[in-house]
Amino acid sequence: MMKSIALVILSLVVLIGCKKDTAQKENTTKNEEQAISIEEEITDFSITPISHATAVFTMNSTVFYIDPVGGKEAFENQPEPSIILVTDIHGDHFDLETLKAVSTSATKIILPKAVADSIDEELSDQLVILGNEESIEVNGFTIEGIAMYNQGDASEVHHVKGSGNGYVVEKDGFRVYFSGDTDDVDEMRNLKEIDKAFICMNLPYTMDVESASEGVLAFEPKEVYPYHYRGQGGLSDVERFKTLVNAKNPSINVELLDWYPQMDE
């Protein structure tokens with residue numbers, strides 16, 4: 001009789017243990033599937049450098065152009081943009097003929113007022129003027145204007161505060177930052193939770209690699225990409241930028257893309 005009772009108890013223990021193992025495996029599987037789902041949701045980002053400050057990128061399958069210049073031929077075989085971001089009035093960021101050539105009637109063009117004032121009525125219905133520290137919702141994305149400027153006497157700088165925008169583009173908590181033409185300013189240093197940051201570095205118009213690295217170390221994006229790195233002295237030393245960043249914070253992933261493919265030919 002005692003053996004039978006013991007056998008029943010043992011069987012119950014084994015059965016309960018099996019159920020716990022099964023439940024734990026099911027929970028683990030659900031957690032893994034959820035993690036994969038989240039990863040897929042936040043990593044739907046790709047970028048194709050065109051040249052210098054100009055690029056095509058996608059987030060959640062939405063196509064963006066940033067600072068399209070170079071004529072329509074520069075965007076051959078690229079998908080049509082749903083949203084265009086323009087940072088500045090200068091010719092390496094804004095070219096009206098290129099803007100007209102690459103946009104469609106459905107394209108929203110996000111830009112600072114200084115650029116909008118230089119655009120004729122042909123595109124007026126598509127323009128969305130955005131100022132520094134302002135944010136808007138466009139096609140399900142939150143787009144924030146970030147101040148970009150040179151520090152110092154306004155009469156001596158190339159970029160005055162308020163005339164241009166850097167941008168943070170956000171979707172479902174995934175945040176991408178383009179600096180535009182800026183020094184290592186507080187508005188950049190105070191950014192939070194940036195997943196991908198595109199940082200300029202070209203003297204004398206913006207900052208050197210040392211200043212750029214210090215700015216990046218201040219706001220600690222998960223990934224950083226040097227771009228806009230051709231200056232009066234040639235191309236900035238982006239390898240040194242990577243070394244400087246990772247010497248102090250190796251957890252920041254520094255990606256070096258080719259923003260000057262025409263120079264490779």
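Two strands are taken to pair if DSSP finds at least two bridges between them; strands (E, at least two residues) and helices (H or I, at least four) are DSSP runs numbered from the N terminus. In this predicted model, local features need pLDDT of at least 70 and side-chain atom pairs count only at pLDDT 80 or more, whereas totals for chains, interfaces and linings use all residues. Residues are numbered from 1 along each chain as its sequence is written, and side-chain values use heavy atoms, with hydrogens and water left out.

Strand β11 runs parallel to β12, to which four bridges join it. With β10, β11 pairs in the parallel sense over three bridges. F198 of β11 is the bridge partner of F178 and stands opposite Y225 in β12. Both faces of β11 are covered, with K196 and F198 on one side and A197 and I199 on the other all buried (under 20% relative accessible area, 1.4 Å probe, protein chains only).

Together with helix α5, strands β11 and β12 make a right-handed β-α-β unit; right-handed denotes a path from the first strand over the helix to the second that runs clockwise with the strands pointing away from the viewer. Helix α5 spans residues 209–219, and its buried residues are V209, A212, S213, G215, V216, L217 and F219. The elements covering these residues include β10 (174–178), α4 (186–189), β11 (196–199), β12 (223–226) and α6 (238–248), where contact means heavy atoms within 4.5 Å. The helix is followed by E220, whose phi is positive, near 50°.

Note on methods:
Buried < 20%, exposed > 50% of the residue type's maximum accessible area, 1.4 Å probe, protein only.
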